[in-house]
Amino acid sequence: MKMFPIIPIWLMIIICIFLITYLIIKSKRKSRILEIGMILLLFLINLRIMIPTNKSLVASNNLDILFVIDQSISMVANDYEKKERLEGVKEISNYIIDNLEGARFSVITFDNTSKISIPYTKDTTMVKEAIAIIQPKAEFYAAGSSLNIPKENMINSLKSSKEKKERIQVLFYISDGEITREDEKLESFLDIRNLITEGAVLGFGSKTGGTMNIGEKGLWGEYVMDNYGNDKAISKIEEQNLKMIAEDLNLDYIHIEKEKDIYKKVKELKQLSTSSFEDSDKSSYQDTYYFLMVPLLLLLLINYRNYKGVYK
(Lines give C-alpha, C1' and ligand atoms only; values in the text may rest on other atoms or scores of the structure.)
Protein backbone atom coordinates (compact mmCIF):
# COMPACT_ATOMS: atom_id res chain seq x y z
CA MET A 1 0.00 0.00 0.00
CA LYS A 2 1.19 3.49 -0.85
CA MET A 3 -0.11 7.00 -0.19
CA PHE A 4 0.13 10.03 -2.48
CA PRO A 5 -1.55 12.89 -0.57
CA ILE A 6 -3.06 15.74 -2.59
CA ILE A 7 -2.71 18.17 0.32
CA PRO A 8 0.22 17.52 2.71
CA ILE A 9 -0.91 15.29 5.56
CA TRP A 10 0.16 17.72 8.28
CA LEU A 11 -1.88 20.51 6.69
CA MET A 12 -4.92 18.27 6.21
CA ILE A 13 -4.77 17.25 9.91
CA ILE A 14 -4.85 20.92 10.94
CA ILE A 15 -7.80 21.60 8.61
CA CYS A 16 -9.73 18.59 9.92
CA ILE A 17 -9.10 19.46 13.57
CA PHE A 18 -10.31 23.01 12.92
CA LEU A 19 -13.47 21.80 11.15
CA ILE A 20 -14.30 19.19 13.79
CA THR A 21 -13.77 21.73 16.58
CA TYR A 22 -16.03 24.20 14.78
CA LEU A 23 -18.75 21.54 14.36
CA ILE A 24 -18.62 20.55 18.03
CA ILE A 25 -19.15 24.19 19.01
CA LYS A 26 -21.65 25.27 16.35
CA SER A 27 -23.49 22.25 14.94
CA LYS A 28 -26.64 20.70 16.30
CA ARG A 29 -25.97 17.57 18.25
CA LYS A 30 -27.79 15.27 15.79
CA SER A 31 -25.80 16.48 12.78
CA ARG A 32 -22.34 16.25 14.31
CA ILE A 33 -21.82 12.53 13.68
CA LEU A 34 -22.70 12.84 9.97
CA GLU A 35 -20.57 15.92 9.45
CA ILE A 36 -17.57 14.56 11.35
CA GLY A 37 -17.92 11.37 9.30
CA MET A 38 -17.75 13.41 6.10
CA ILE A 39 -14.62 15.21 7.33
CA LEU A 40 -12.92 11.89 8.12
CA LEU A 41 -13.83 10.54 4.69
CA LEU A 42 -12.39 13.65 3.06
CA PHE A 43 -9.21 13.10 5.06
CA LEU A 44 -8.95 9.52 3.78
CA ILE A 45 -9.70 10.60 0.20
CA ASN A 46 -6.94 13.20 0.43
CA LEU A 47 -4.44 10.46 1.40
CA ARG A 48 -4.94 8.82 -2.02
CA ILE A 49 -4.36 5.35 -0.66
CA MET A 50 -3.22 3.01 -3.45
CA ILE A 51 -3.16 -0.76 -3.27
CA PRO A 52 -0.81 -3.01 -5.28
CA THR A 53 -2.19 -5.03 -8.17
CA ASN A 54 -0.51 -7.66 -10.29
CA LYS A 55 2.82 -6.70 -11.82
CA SER A 56 2.33 -4.89 -15.10
CA LEU A 57 3.76 -6.13 -18.39
CA VAL A 58 6.34 -3.99 -20.17
CA ALA A 59 7.86 -4.20 -23.63
CA SER A 60 11.23 -5.88 -23.85
CA ASN A 61 13.70 -6.63 -26.62
CA ASN A 62 17.20 -8.05 -26.91
CA LEU A 63 19.04 -4.84 -27.86
CA ASP A 64 21.82 -3.32 -25.74
CA ILE A 65 22.26 0.23 -27.02
CA LEU A 66 25.37 2.18 -26.08
CA PHE A 67 25.45 5.95 -26.63
CA VAL A 68 28.97 7.42 -26.78
CA ILE A 69 28.46 11.19 -26.72
CA ASP A 70 31.01 13.92 -27.35
CA GLN A 71 30.53 16.73 -24.81
CA SER A 72 33.49 18.89 -25.79
CA ILE A 73 33.17 22.67 -26.19
CA SER A 74 32.72 22.40 -29.97
CA MET A 75 29.42 20.54 -29.42
CA VAL A 76 27.74 23.82 -28.44
CA ALA A 77 28.36 25.25 -31.91
CA ASN A 78 25.05 26.59 -33.21
CA ASP A 79 24.79 24.88 -36.59
CA TYR A 80 22.14 22.22 -35.93
CA GLU A 81 18.94 23.83 -37.24
CA LYS A 82 20.24 27.11 -35.74
CA LYS A 83 20.56 25.38 -32.36
CA GLU A 84 23.47 23.90 -30.48
CA ARG A 85 24.75 20.55 -31.70
CA LEU A 86 24.19 19.11 -28.23
CA GLU A 87 20.51 20.00 -28.43
CA GLY A 88 20.31 17.98 -31.61
CA VAL A 89 22.17 15.09 -29.95
CA LYS A 90 19.62 15.05 -27.13
CA GLU A 91 16.67 15.15 -29.55
CA ILE A 92 18.03 12.27 -31.64
CA SER A 93 18.97 10.21 -28.57
CA ASN A 94 15.47 10.62 -27.13
CA TYR A 95 13.96 9.59 -30.45
CA ILE A 96 16.05 6.41 -30.45
CA ILE A 97 15.09 5.64 -26.84
CA ASP A 98 11.37 6.24 -27.44
CA ASN A 99 11.25 4.13 -30.59
CA LEU A 100 13.30 1.20 -29.30
CA GLU A 101 11.38 0.76 -26.06
CA GLY A 102 12.34 -2.33 -24.12
CA ALA A 103 16.05 -2.18 -24.97
CA ARG A 104 18.78 -1.69 -22.39
CA PHE A 105 20.61 1.63 -22.71
CA SER A 106 23.99 2.87 -21.52
CA VAL A 107 25.66 6.29 -21.86
CA ILE A 108 29.34 7.19 -22.11
CA THR A 109 30.37 10.85 -22.33
CA PHE A 110 33.77 12.22 -23.28
CA ASP A 111 35.80 15.37 -23.87
CA ASN A 112 39.37 15.38 -22.54
CA THR A 113 38.28 12.55 -20.22
CA SER A 114 35.67 9.82 -20.46
CA LYS A 115 33.17 8.32 -18.05
CA ILE A 116 30.32 5.83 -18.01
CA SER A 117 27.40 8.06 -17.03
CA ILE A 118 24.82 5.27 -17.00
CA PRO A 119 25.51 1.51 -17.14
CA TYR A 120 23.08 -0.67 -19.08
CA THR A 121 19.54 -0.24 -17.79
CA LYS A 122 15.92 -0.39 -18.99
CA ASP A 123 15.05 2.65 -16.89
CA THR A 124 14.56 5.08 -19.78
CA THR A 125 13.72 7.95 -17.43
CA MET A 126 17.15 7.66 -15.85
CA VAL A 127 18.84 7.44 -19.25
CA LYS A 128 17.01 10.50 -20.59
CA GLU A 129 17.88 12.49 -17.48
CA ALA A 130 21.55 11.56 -17.83
CA ILE A 131 21.52 12.74 -21.45
CA ALA A 132 19.55 15.90 -20.64
CA ILE A 133 22.21 17.19 -18.23
CA ILE A 134 25.16 16.69 -20.60
CA GLN A 135 27.07 19.96 -20.92
CA PRO A 136 30.66 20.76 -21.93
CA LYS A 137 33.22 21.87 -19.43
CA ALA A 138 33.92 25.58 -19.21
CA GLU A 139 36.55 26.63 -21.75
CA PHE A 140 39.29 27.31 -19.23
CA TYR A 141 38.83 23.81 -17.75
CA ALA A 142 38.90 22.06 -21.12
CA ALA A 143 42.22 20.54 -22.04
CA GLY A 144 41.42 19.67 -25.63
CA SER A 145 39.16 16.89 -26.86
CA SER A 146 40.12 13.54 -28.30
CA LEU A 147 38.02 11.02 -30.20
CA ASN A 148 40.21 8.25 -28.78
CA ILE A 149 39.43 8.97 -25.13
CA PRO A 150 36.27 6.83 -24.74
CA LYS A 151 37.73 3.65 -26.26
CA GLU A 152 38.55 1.90 -22.99
CA ASN A 153 35.12 2.57 -21.50
CA MET A 154 33.49 1.46 -24.76
CA ILE A 155 35.35 -1.85 -24.66
CA ASN A 156 34.47 -2.47 -21.02
CA SER A 157 30.77 -1.67 -21.55
CA LEU A 158 30.45 -3.74 -24.72
CA LYS A 159 32.22 -6.71 -23.15
CA SER A 160 29.79 -6.62 -20.21
CA SER A 161 26.92 -6.76 -22.70
CA LYS A 162 28.62 -9.49 -24.75
CA GLU A 163 28.61 -11.76 -21.70
CA LYS A 164 24.85 -12.09 -22.15
CA LYS A 165 24.73 -14.22 -25.27
CA GLU A 166 21.10 -13.39 -26.06
CA ARG A 167 21.83 -9.64 -26.29
CA ILE A 168 22.62 -7.70 -29.49
CA GLN A 169 25.21 -4.95 -29.08
CA VAL A 170 24.32 -1.64 -30.75
CA LEU A 171 26.64 1.39 -30.73
CA PHE A 172 25.90 5.03 -31.49
CA TYR A 173 29.13 7.03 -31.56
CA ILE A 174 28.07 10.71 -31.62
CA SER A 175 30.46 13.59 -32.31
CA ASP A 176 31.40 16.46 -34.62
CA GLY A 177 34.70 14.71 -35.34
CA GLU A 178 36.94 17.52 -34.13
CA ILE A 179 40.21 16.70 -32.40
CA THR A 180 41.51 19.73 -30.49
CA ARG A 181 44.13 18.07 -28.29
CA GLU A 182 47.56 19.15 -29.44
CA ASP A 183 49.52 16.53 -31.45
CA GLU A 184 46.65 14.04 -31.11
CA LYS A 185 46.00 11.61 -33.97
CA LEU A 186 42.99 9.39 -34.51
CA GLU A 187 43.66 5.82 -33.41
CA SER A 188 42.25 2.67 -34.93
CA PHE A 189 38.90 1.40 -33.60
CA LEU A 190 39.31 -2.04 -35.16
CA ASP A 191 39.66 -3.70 -31.75
CA ILE A 192 36.03 -2.75 -31.00
CA ARG A 193 34.54 -4.06 -34.26
CA ASN A 194 33.98 -7.61 -33.01
CA LEU A 195 32.17 -6.35 -29.90
CA ILE A 196 29.26 -4.78 -31.80
CA THR A 197 26.60 -6.00 -34.19
CA GLU A 198 24.87 -2.83 -35.35
CA GLY A 199 24.64 0.91 -34.87
CA ALA A 200 26.04 4.00 -36.55
CA VAL A 201 28.50 6.85 -36.23
CA LEU A 202 26.42 10.04 -36.08
CA GLY A 203 28.03 13.28 -37.22
CA PHE A 204 26.76 16.64 -35.97
CA GLY A 205 27.77 20.00 -37.37
CA SER A 206 28.17 21.62 -40.78
CA LYS A 207 30.97 22.41 -43.19
CA THR A 208 30.35 26.13 -42.77
CA GLY A 209 30.46 25.69 -39.01
CA GLY A 210 29.05 27.64 -36.12
CA THR A 211 30.09 29.89 -33.25
CA MET A 212 30.14 28.65 -29.66
CA ASN A 213 28.27 30.76 -27.12
CA ILE A 214 29.35 29.54 -23.68
CA GLY A 215 27.74 32.30 -21.63
CA GLU A 216 25.26 29.93 -20.00
CA LYS A 217 28.17 27.69 -19.06
CA GLY A 218 29.52 30.34 -16.70
CA LEU A 219 31.65 32.62 -18.87
CA TRP A 220 29.72 35.92 -18.72
CA GLY A 221 27.86 35.59 -21.99
CA GLU A 222 31.01 35.31 -24.08
CA TYR A 223 31.82 33.25 -27.14
CA VAL A 224 34.78 30.99 -27.63
CA MET A 225 37.37 33.15 -29.41
CA ASP A 226 40.13 32.22 -31.80
CA ASN A 227 43.76 32.01 -30.70
CA TYR A 228 44.32 35.72 -31.09
CA GLY A 229 41.13 36.74 -29.28
CA ASN A 230 39.97 38.99 -32.11
CA ASP A 231 37.20 36.96 -33.71
CA LYS A 232 34.64 34.38 -32.66
CA ALA A 233 36.00 30.90 -33.21
CA ILE A 234 34.20 28.74 -35.76
CA SER A 235 33.80 25.00 -35.23
CA LYS A 236 33.31 22.83 -38.32
CA ILE A 237 32.45 19.16 -38.60
CA GLU A 238 35.38 16.86 -39.36
CA GLU A 239 33.60 14.14 -41.29
CA GLN A 240 36.78 12.39 -42.40
CA ASN A 241 37.55 11.39 -38.80
CA LEU A 242 34.02 10.13 -38.25
CA LYS A 243 34.02 8.15 -41.49
CA MET A 244 37.30 6.49 -40.48
CA ILE A 245 35.80 5.45 -37.14
CA ALA A 246 32.70 4.12 -38.93
CA GLU A 247 34.87 2.13 -41.34
CA ASP A 248 36.90 0.61 -38.49
CA LEU A 249 33.69 -0.35 -36.64
CA ASN A 250 32.00 -1.59 -39.84
CA LEU A 251 29.07 0.75 -39.15
CA ASP A 252 27.17 3.27 -41.25
CA TYR A 253 28.17 6.91 -41.03
CA ILE A 254 25.16 9.25 -40.88
CA HIS A 255 25.42 13.03 -41.06
CA ILE A 256 22.55 14.26 -38.86
CA GLU A 257 20.99 17.51 -40.01
CA LYS A 258 17.42 16.82 -38.87
CA GLU A 259 15.54 14.15 -36.92
CA LYS A 260 14.39 12.24 -39.99
CA ASP A 261 18.01 11.34 -40.81
CA ILE A 262 17.91 8.66 -38.09
CA TYR A 263 14.54 7.12 -39.07
CA LYS A 264 15.95 4.48 -41.43
CA LYS A 265 18.53 3.23 -38.92
CA VAL A 266 15.96 2.94 -36.13
CA LYS A 267 13.66 1.01 -38.48
CA GLU A 268 16.52 -1.41 -39.26
CA LEU A 269 17.14 -1.96 -35.55
CA LYS A 270 13.47 -2.69 -34.93
CA GLN A 271 13.61 -5.40 -37.60
CA LEU A 272 16.80 -6.81 -36.07
CA SER A 273 15.43 -7.05 -32.52
CA THR A 274 13.27 -9.72 -30.95
CA SER A 275 10.43 -8.15 -28.97
CA SER A 276 8.44 -9.64 -26.12
CA PHE A 277 6.66 -8.66 -22.92
CA GLU A 278 7.83 -9.31 -19.38
CA ASP A 279 6.88 -8.41 -15.82
CA SER A 280 8.07 -4.99 -14.79
CA ASP A 281 10.32 -4.68 -11.77
CA LYS A 282 7.67 -2.63 -10.01
CA SER A 283 4.13 -3.58 -9.11
CA SER A 284 1.39 -1.37 -10.47
CA TYR A 285 -0.94 0.38 -8.03
CA GLN A 286 -4.66 1.06 -8.11
CA ASP A 287 -6.26 4.20 -6.70
CA THR A 288 -8.95 3.67 -4.03
CA TYR A 289 -10.39 7.15 -3.51
CA TYR A 290 -13.51 6.43 -5.59
CA PHE A 291 -14.52 3.66 -3.18
CA LEU A 292 -14.72 6.29 -0.45
CA MET A 293 -16.78 8.62 -2.63
CA VAL A 294 -19.85 6.36 -2.29
CA PRO A 295 -20.26 6.67 1.52
CA LEU A 296 -19.35 10.38 1.29
CA LEU A 297 -22.13 11.02 -1.21
CA LEU A 298 -24.58 9.04 0.95
CA LEU A 299 -23.72 11.12 4.02
CA LEU A 300 -24.11 14.31 2.01
CA LEU A 301 -27.53 13.19 0.78
CA ILE A 302 -28.72 12.25 4.28
CA ASN A 303 -27.44 15.51 5.72
CA TYR A 304 -29.11 17.47 2.92
CA ARG A 305 -32.47 15.79 3.48
CA ASN A 306 -32.30 16.45 7.21
CA TYR A 307 -31.30 20.07 6.85
CA LYS A 308 -32.41 20.98 3.30
CA GLY A 309 -33.51 24.34 4.51
CA VAL A 310 -29.90 25.24 5.23
CA TYR A 311 -28.70 24.20 1.79
CA LYS A 312 -31.27 26.19 -0.22
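**View 1. Confidence is lowest in helix 10 (residues 308-311), with a mean pLDDT of 50, and highest in strand 8 (residues 252-256), at 98.** This is a predicted model, in which local features need pLDDT of at least 70 and side-chain atom pairs pLDDT 80 or more, while totals for chains, interfaces and linings use all residues. Residues are numbered from 1 along each chain as its sequence is written, and side-chain values use heavy atoms, without hydrogens or water. The chain averages a pLDDT (the predictor's confidence in each residue, from 0 to 100) of 85, and 84% of the residues score at least 70. Helices (H or I, at least four residues) and strands (E, at least two) are DSSP runs numbered from the N terminus.

**View 2. Helix 3 spans residues 85-99.** Its 15 residues reach 21 Å from first to last C-alpha, close to the 21 Å expected (1.5 Å times one less than the number of residues). Buried residues (under 20% relative accessible area, 1.4 Å probe, protein chains only) include Leu86, Val89, Ile92, Tyr95 and Ile96.

**View 3. Helix 3 packs against helix 4 (residues 124-132) at about 170°, with axes 10 Å apart.** The axes are lines fitted to C-alpha atoms over the stretch in contact, and angles run from 0 to 180 degrees between N-to-C directions. The pair is therefore roughly antiparallel (over 145 degrees). Lys90, Ser93, Asn94, Ile97 and Asp98 of helix 3 meet Thr124, Val127, Lys128, Ile131 and Ala132 of helix 4 (contact: heavy atoms within 4.5 Å).

**View 4. Leu40 lies in helix 2 (residues 29-47).** The C-alpha atoms of Leu40 and Leu296, 256 residues apart along the chain, are separated by 9.5 Å.

Conventions:
Buried means under 20% relative accessible area, exposed over 50%, partly exposed in between (1.4 Å probe, protein chains only). Angles under 35 degrees count as roughly parallel, over 145 as roughly antiparallel, 65 to 115 as roughly perpendicular and the rest as oblique.
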